Amino acid sequence: MTASQLLELEPALNRFAAFFSECFQSDQSASHFSTYLRGLLSDLPRKSIEPIALFAGTPPRTLQQFLKHHAWDAAVNRDRLHERIALSLDAISDDLGTVALLDETSVVKKGIKTPGVQRQYLGCIGKIENGIVTVHLGVSRGSFKCLIDSDLFLPQSWSNDRPRCREAGIPDELVHRTKCQMALDQLDRAALNDLKFDWLTFDEGYGMSPGFLMALTARKQKFVAEVPRTFRCLAMRRDGRRPEGRISTRTAETVVRGSSVFLSQEWQVLRLKRKAMEDQVWRVKAARVWLRNGERVATDGYWLIWACNDGTGEEKFFVSNGKSEEKVEHLMRVAFRRAEVEHAFRICKQELGFGHFEGQNYEAMMRHQMICLSAMAFAAETTQRLRGEKPIGDG
């Protein structure tokens, strides 16, 4: 936003910043939060501490102290953000309901001091390079989209080196977790803040784990997951009975090409609308399957969806724990809502300075990320209001 646009939105921005005042133990810290928020929303080309401070006429050292040493709780900031998002979602209609979006993003970093940095696969450049990876939960309802949680992926090499972690300000209780474990923790935090999701969708990086899918079902969280063609499952018998004893699973690709349930089906043609591009046309078949995680066979049946796009030659596989009577078109619309998280990442990184943090302290990094997510919430909320949809009162 330009300086004139920020000035025009000053009253709304002041009310928004005040919503988070209980995160801070002093008015001075709350004022710095507001300053930092404005810097992230501005049109500065670089949104690290020094440019933001100079933009606001504040000594850079002051904002450095605010991020690293002031007494305030980024976890409370996240909880208040969840409450704010819930208020926005309540006023928006969408026949899919509220769709949660799970994904990760990455930032290239130089050196060895940034918390969590190492040579690892970075999706932002599509190869192994030196950088950090963060796992995120987002939300989409109607035209509203926003990221609502963020965690740093701590590689095993860091987790095993506690002196290095302490030097970077990483608490002793924070250890290496798989990305699926991190995702479950984020969903649990949202649930504690009464932020409920009608659906969750994610890519095959998470969908490849049957244990993760079963954990979501145990939490009664409905999902549609993209899975690799090598994902293993067992076609359900026509009587729907659960198999007894040890069962031999097959890949999703083998099931859809060899199961009589799939072979006997006619293709269902679905046209999925997109806002700024041509509609997508997919041919789809779906049937119920069983999942197995090690020796454990799921007690619930799942959908296996086979989707083909003749225009692009793409072939995709999805698994969902939606009810047996759920329409396949509905499940596919949920699955393709995942594109919203990529849009959210672009906004957060290109417009709000998510990857511009320059520092070696874990607490400061996570505070920067949470303020970025707060700034994104304000932008999403303001966009809805200016469209006339008014997700919350505008005063």
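Predicted model: local features only at pLDDT ≥ 70, side-chain atom pairs only at ≥ 80, totals over all residues.

I began with cysteine 308, and its relative accessibility came out at 9%, so the residue counts as buried, the limit being under 20%. How many disulfides does a search of the whole structure find? The search finds zero. As a reminder to myself, a disulfide is a covalent bond between the sulfur atoms of two cysteines. Cysteine 308 is accordingly in no disulfide, and the nearest cysteine sulfur, that of cysteine 233, lies 15 Å away. For a pair to count, the sulfur atoms would have to be within 2.5 Å. I then turned to cysteine 23, which is in no disulfide either. Its nearest cysteine sulfur belongs to cysteine 146, at 15 Å. Cysteine 23 has a relative accessibility of 4%, so I put it down as buried.

**Serine 320.** Next I looked up a residue in a strand: serine 320 lies in β14, which covers residues 314-320. Is serine 320 buried or exposed? It counts as buried, because its relative accessibility is 0%. I listed what surrounds it, leaving aside neighbours within four places in sequence. Serine 320 is in contact with Trp199, Phe223, Val224, Tyr302, Trp303 and Leu331. I also checked one C-alpha distance: serine 320 and proline 210 are 110 residues apart along the chain, yet their C-alpha atoms are separated by 11 Å.

**The loop between α9 and β5.** I moved on to the loop between α9 (179-192) and β5 (199-202), where I found aspartate 194. Its phi is positive, about 60°, although the residue is not a glycine. Aspartate 194 counts as exposed, because its relative accessibility is 60% and the mark for exposed is over 50%. Asparagine 193 sits in the loop between α9 and β5 as well. With a relative accessible area of 18%, asparagine 193 is buried. Which residues does asparagine 193 touch, leaving aside its neighbours within four places in sequence? I noted Asp79 and His82.

**Lysine 220.** I found another positive phi at lysine 220, a residue other than glycine with a value near 60°. Lysine 220 belongs to the loop between α11 (210-218) and β6 (223-227). Its relative accessible area is 76%, so I have it down as exposed.

**α4 against α5.** Then I turned to helix pairs. Helix α4 (residues 49-56) and helix α5 (residues 60-68) cross at roughly 125°, and their axes come within 8 Å. The two helices are therefore oblique to each other. I noted the crossing of α4 and α5 as right-handed. On the α4 side I found Ile49, Glu50, Ile52 and Ala53, which meet Pro60, Leu63, Gln64 and Leu67 in α5. Sorted by class, this contact has six nonpolar, one polar and one charged residues.

**α6 against α16.** At what angle do helix α6 (residues 74-90) and α16 cross? I read roughly 15°, with the axes coming within 10 Å. That angle is under 35 degrees, so α6 is roughly parallel to α16. Their crossing is left-handed. From α6, the contact takes in Ala74, Asn77, Arg78, Leu81, Arg84, Ile85 and Ser88. From α16, I listed Arg367, Met370, Ile371, Leu373, Ser374, Ala377 and Glu381. The residues of this contact divide into seven nonpolar, three polar and four charged.

**α15 against α16.** My last pair was helix α15 (residues 339-351) with helix α16 (residues 362-387), which pack at an angle of about 110° with their axes 10 Å apart. That makes α15 roughly perpendicular to α16, because the angle falls in the range 65 to 115. The crossing of α15 and α16 is right-handed. Ala344, Ile347 and Cys348 of α15 make the contact with Cys372, Leu373 and Met376 of α16. By class I counted six nonpolar, no polar and no charged residues here.

Definitions and conventions. Residues numbered from 1 in each chain as written. Heavy atoms only, no water. Axes fitted to C-alpha atoms, helices over the stretch in contact; angles between N-to-C directions. Helix = DSSP H or I, 4+ residues; strand = E, 2+ residues; numbered from the N terminus. Parallel < 35°, antiparallel > 145°, perpendicular 65-115°, else oblique. Left-handed = near helix turned anticlockwise from the far one by under 90°. Contact = heavy atoms within 4.5 Å. Nonpolar A, V, L, I, M, F, W, Y, C, P; charged D, E, K, R; others polar. Buried < 20%, exposed > 50% of the residue type's maximum accessible area, 1.4 Å probe, protein only.
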